[in-house]
Every structure is written in C-alpha cells, then in structure tokens.
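Colleague: I would like a close look at a single part of this model. Please take me through it slowly, one contact after another.

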Amino acid sequence: MPIKNGDKVRVHYTGKFKDGKVFDSSLDREPLEFVVGTGQLIAGFENAIRGREPGEKLTVKIDPDNGYGQPDLDLVFSVSREQVPDHIPLEVGTPLQLTSDKGNMDVTITEVGPEEITLDANHPLAGKDLEFEIEIIDAKPGREEPAGKISLKDAKS
C-alpha cells in the first residue's frame with residue numbers, strides 16, 4: 001500500500017552535500033520515525049516518501065526551497081564581544097544558544113572581530129543542496145489528513 005499523509009513511517013537515511021560529504025545518518029542508530037504530512041521533516045524528504053512502499057530504497061536530491069530554505073540575511077547580526085561570557089570560545093563555527101524574553105535562539109559564530117562577533121541564526125543547512133539515500137523500513141497506515149476545513153455556517157440543514 002503506497003505511503004500517504006497520516007502514515008507512521010520508519011526510515012534509515014544518509015544525508016550528504018553535493019560533494020558527497022555526509023552531514024547526518026541514521027545507520028548507526030534507530031530508524032527515523034515520523035508521521036507523513038505533519039511537517040516534522042523538510043518538504044523534499046516527505047515528498048520523496050509519499051507514494052512509495054516499505055522496503056524501497058531511493059536517492060533524492062533536495063534543493064534549498066524544499067529543504068531548509070534560503071538564508072535570511074535578517075538572521076545574521078553582530079553583538080559586542082563584551083556580551084559574550086568569557087568561558088565561550090570565540091571561534092568561527094561555534095554553536096551558541098541565545099536566551100531572551102522571546103525564548104531561545106540557536107546561532108553559530110560566523111565572524112570574530114576585535115570589537116564584535118557575527119552570529120547567524122539560519123539553520124546550518126539553509127541554502128544547501130542536499131542528497132538523501134533513504135531506505136523505507138516500514139509504514140503503518142494512518143488517517144489521511146482532511147483536504148480542507150468546512151465552516152459550520154456553510155453547512156445547510
């Protein structure tokens with residue numbers, strides 16, 4: 001039975017960049033489990049699974065628009081070095097978590113200057129072309145999500 005929205009699916013995957021460098025893989029741990037159509041995964045990954053069958057293996061290329069999106073320049077900003085606690089290494093590539101009254105934000109240091117450091121809050125895979133090797137382990141039928149909502153005021157008695 002082809003996989004559809006609402007199905008609970010388990011897959012093994014290996015994610016690679018264009019140059020073949022692996023950025024993530026589930027092969028050394030439990031398979032990834034998710035419900036198709038709920039937005040738990042990037043659109044390109046979910047789209048590749050729909051209509052497939054358990055046991056299938058596939059390779060899919062995903063562009064940024066169907067992956068982690070294009071980088072948003074508004075999410076790149078600078079802060080004074082004085083704002084960074086002394087115990088944090090000021091090195092390009094260091095991940096940090098900022099806390100504010102609006103919640104937490106994951107950032108990565110992208111530049112270190114004498115007075116300021118530049119932080120990027122974009123997803124680390126934003127703007128990247130990705131390739132996934134996927135093996136569908138199993139799928140359990142779920143409930144198809146409704147295509148749209150009907151207002152009660154539109155219903156006729």
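Modeller: Start with glutamate 133. This is a predicted model, and in it glutamate 133 has a relative accessibility of 33%. Buried would need under 20% and exposed over 50%, so glutamate 133 counts as partly exposed. Its side chain meets that of lysine 16 in a salt bridge, with N and O 2.9 Å apart. Lysine 16 has a relative accessible area of 19%, so lysine 16 is buried.

Now look at the strands behind that contact. S1 covers residues 8-17 and S9 covers residues 130-140. They run antiparallel, and ten bridges join them. One place to look is valine 9, which stands opposite alanine 139 in S9. S9 also pairs with strand S4, residues 57-62. Those two strands run antiparallel as well, joined by six bridges. There, lysine 57 has glutamate 135 of S9 as its bridge partner.

Go back to salt bridges. The count comes to nine. Among them is the pair of arginine 29 and aspartate 24, at 3.2 Å from N to O. Arginine 29 is partly exposed at 41%. Aspartate 24 is partly exposed too, at 29%. Another salt bridge joins arginine 50 to glutamate 46, with the closest N and O atoms 3.3 Å apart. Here arginine 50 is partly exposed, at 30%. Glutamate 46 is buried, at 4%.

The whole structure holds six aromatic pairs. In one of them, the ring centres of tyrosine 13 and phenylalanine 45 are 6.1 Å apart. Their planes meet at 90°, so this pair is edge-to-face. Tyrosine 13 belongs to strand S1, while phenylalanine 45 belongs to helix H1, residues 43-49.

Phenylalanine 45 has a second ring partner, phenylalanine 34. The centres of these two rings are 6.1 Å apart and the planes lie at 75°, so the pair is edge-to-face. Phenylalanine 34 lies in strand S3, residues 32-35. Eleven residues separate it from phenylalanine 45 in helix H1. Phenylalanine 34 is buried.

Ring pairs link Tyr13, Phe17, Phe23, Phe34, Phe45 and Phe132 into a cluster.

How values were computed. Residues numbered from 1 in each chain as written. Predicted model: local features only at pLDDT ≥ 70, side-chain atom pairs only at ≥ 80, totals over all residues. Heavy atoms only, no water. Pairing = 2+ DSSP bridges. Helix = DSSP H or I, 4+ residues; strand = E, 2+ residues; numbered from the N terminus. Salt bridge = Lys/Arg side-chain N within 4 Å of Asp/Glu carboxyl O. Buried < 20%, exposed > 50% of the residue type's maximum accessible area, 1.4 Å probe, protein only. Phe/Tyr/Trp six-rings, centres within 6.5 Å; stacked < 30°, edge-to-face > 60°.
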